[in-house]
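I opened the model and kept notes as I went. The entries follow in the order I looked things up.

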Amino acid sequence: MAKRIKDNDWKLVPAPESKDHVRIDAEYKLFIGGKWVAPKSGKYLDTINPSSEQRLARVAEADAADVDAAVKAARKAYDTVWSKMPAPERGKYIYRIARLLQEKAREFAVVESMDGGKPIRESRDFDIPVAAAHFFYYAGWADKLQYAFPARNVSPLGVAGQIIPWNFPLLMAAWKIAPALACGNTVVLKPAETTPLTALLLAELIQEAELPDGVVNIVTGAGATGAALVNHPDINKIAFTGSTAVGKLIQRSVAGTGKKLTLELGGKAPNIIFADATIDQAVEGIINGIYFNQGHVCCAGSRLYVEESVHDEVVRKLKHRMKSLVVGDPLDKNTDIGAINSREQLGTINKYIKLGQQEGADMYQSSCDLPGKGFWCRPTLFTNVAQSARITQEEIFGPVLAIQTFRTVDEVIQKANNTPYGLSAGVWTDKGSKIFNLTSKLRAGVIWANTFNKFDPTSPFGGYKESGYGREGGVHGLGAYLNLS
Amino acid sequence: MSKTLSRSIIKADLNGHGTNGAAKNADRLPVMKTYKIYIGGKFPRTESGRYYQPTGTDGKPLANVCRGSRKDVRDAVVAARGAVGGWASRSAFNRGQILYRIGEMLEGRSAQFVHELVLHGATQKQAEAEVALAIDRWIHYAGWCDKYQALFSSVNPVNTSHFNFSVLEPTGVVGIMSGGSNGLLELVSLIAPVIAGGNTCVVVASEKHPLPAVTFTEVLATSDLPGGVVNLLTGFRSELLKPLVSHMDINAVVCAQPTKEERQMLDTEAAANMKRVVVPKVKDWSTTEGQSPYLILDTQEVKTTWHPIERGQGGGGGY
């Protein structure tokens, strides 16, 4: 008699992505005025691989004097070169960056996964290609800006200070740098403390593209470096992506200074599934919505609202699907969920998982194996969650889903809108008129109907309410980097 | 008794409380007008029971105007929040008609506004010009209601098989702080783009020139504009700006002519709930820079929607 094979008996053969073509220097200085400059602070930070906890490199920690040098370089480049360059030439430089990035895409993908912990499948198929596409898209705007704003004259702002998070390191750098340059600004970019490497590789690539010195400056460091950038008096614009708490601090810091500000902050997106949805398709969308990038996504679909009649079916199918998610080596092509970005973030996620249980919700986690070293979290869901629960109201930024039920459309709209956030939302139903009713009433900047977590350079992204203001992407993204008169 | 009566007649002569700019008649005691605030389509007095007396060019009090309070702001926000869903979901055509109607009603009461502007220090000619511009401004924005969307929306050609489009939606409840330059034109120029875009608002009238603002709410009340869409308070800027910008259920604040200190306060307080802070760059509301669809855009949010497109195999792509 044949041995019965249980569906979790089989093991995937490891399929690691090669890293022998990747070069990571032991040490990175600051990229200021087109040169690599040792930090005046004399300080360096380690950046580690969160899946092995091993050091990848040490990177400079810029202090206020270093930031000042970077801003001066950016100002000089703005005054003498970039603001005077014919727009088509400006565009061609940005196109160069896009093309070089496509050529080196695999190297960037591997480094991104090593430094940040995300699965190679995602860095290879999403982060890097979309980052390159972003440069390619905005490159084309450089000489067409006057068409974007009817009956208005446009002019660049000057020097932009940009602070980006660790969840999509290179992609966020592209979201910030590409439109800023296309609109004729120069930039000082501060990558996140735990994920500086691909931004530094981008600096090398920018040198290779022969972008004029000082047009892009990259200063690594932690919170104090960011604060020095925000508070620098010669900055015309601050663009920040990160938590709502820090966004509020930044707004208060720049209050009354006249610095233009755009903020892309936190979220707690509702994902709504109606009984008439294609359930299997929706389950895939829910999984992607919350477990993509370990849930380190500001627009993650972290609150699931299921129409009561299909609750049991949806939860059963979700649990079944969660069992087949592979948690492990980010460089393995089979991996679905990589390493949590840092020890600190893992602590935050675990705090919320504990809190969810204390609040009386029922927890389910897949039973997959976790590697010994590194920072890991099993995909997690909670059922029987209250609308007032902290795991419903607060952004966790991890692979944790809070599930509630609803009976009527009005009820679910009210529940979905009942957080201070308004970044994104999802709707699953086969009925077109219902989709448009929902999508027009959900107070969020991005609505995914019968899909989730889709991004594109042509598609404006940004929040309502406490998820921030300003848009990145598309024609609307230009407004963040131009003066209209 | 007769003494009081004659005083009233004289006072009415001076300040025109109830004359509406109509010819004065020495034989008849005019009825004085009570200048009240406007909340949820009703005309209450301030809950605080306080008043202040704006003065005319002769330095004499014009009226006992409500000195609105923080609680009035809160009551007005409740009314504005209650009205926003209905107003935002009106069709653009319908909003346009109602804004046009506001212009019609204003036209019909021109004389009264001219009179009040004169009381506030304008010459007859200036006042007539201001009222005419204010009426025309409503006609201008009435026309924008069903057009700005097409101007600022986009269909985004994404690199995947999705239909993707971005539209504007009203920010929600907007706080509006008037400046001090005009009694009427600035007021309507601040309100019109906000409600043309489907928002509701809580407006604080010019502290020095409140009379035409209050009279304007009577125009709104007879213009088919649903109650709560525009709520108007009178009072001290120094007392009301902070409650407006720190209120957690206001989504955006439009503030005319803030001082440096006020600007810093606006940005700081607005951070509590990520209110959008709008400071119109307009220097002179009587010029064409005083009206623009970009002023509508200031209190709009961009919403982007994605939906998959099913891709069939045959049919030659439909061509």
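How much area is buried between chain A and chain B? I got about 3,200 Å², of which carbon and sulfur atoms give 53%. Buried area here is the accessible area (1.4 Å probe) that two parts lose on being put together, summed over both.

Ground rules, noted before going on. This is a predicted model, where local features need pLDDT of at least 70 and side-chain atom pairs count only at pLDDT 80 or more, while totals for chains, interfaces and linings use all residues. Residues are numbered from 1 along each chain as its sequence is written, chains are lettered from A and ligands numbered from 1 in the order written, and side-chain values use heavy atoms, with hydrogens and water left out.

**Chain A against chain B.** I found 42 residues of chain A in contact (heavy atoms within 4.5 Å) with 38 residues of chain B. On the chain A side, Gln251(A), Tyr464(A) and His476(A) lose the most area to chain B, together 16% of what that side buries. I counted two salt bridges between the chains. A salt bridge needs a side-chain nitrogen of Lys or Arg within 4 Å of a carboxyl oxygen of Asp or Glu. I also looked up Arg443(A), which forms a salt bridge with Glu169(B) at 3.6 Å, N to O.

**Domains of chain A.** Chain A splits into domain 1 (27–265 + 464–484) and domain 2 (270–449); the bounds come from an automatic or database domain assignment. Their centres, taken over C-alpha atoms, lie 30 Å apart. Between them, about 2,700 Å² is buried, with 56% from carbon and sulfur atoms. Trp166(A), Tyr464(A) and Lys465(A) supply 22% of the area domain 1 buries against domain 2, more than any other three residues. The rule finds two salt bridges across this interface. I then checked Arg343(A): its side chain meets Glu53(A) in a salt bridge of 2.8 Å, N to O.

**Strand 17 of chain A.** Helices (H or I, at least four residues) and strands (E, at least two) are DSSP runs, numbered from the N terminus. Is strand 17 (residues 424–428) buried or exposed? Five of its five residues are buried, so the strand is largely enclosed by the rest of the structure. Buried means under 20% relative accessible area, exposed over 50%, partly exposed in between (1.4 Å probe, protein chains only). Ser424(A), Gly426(A) and Trp428(A) point one way, Ala425(A) and Val427(A) the other.

Strand 17 pairs in the parallel sense with strand 12 (residues 270–273) over three bridges. Pairing requires at least two DSSP bridges. Gly426(A) is the bridge partner of Asn271(A).
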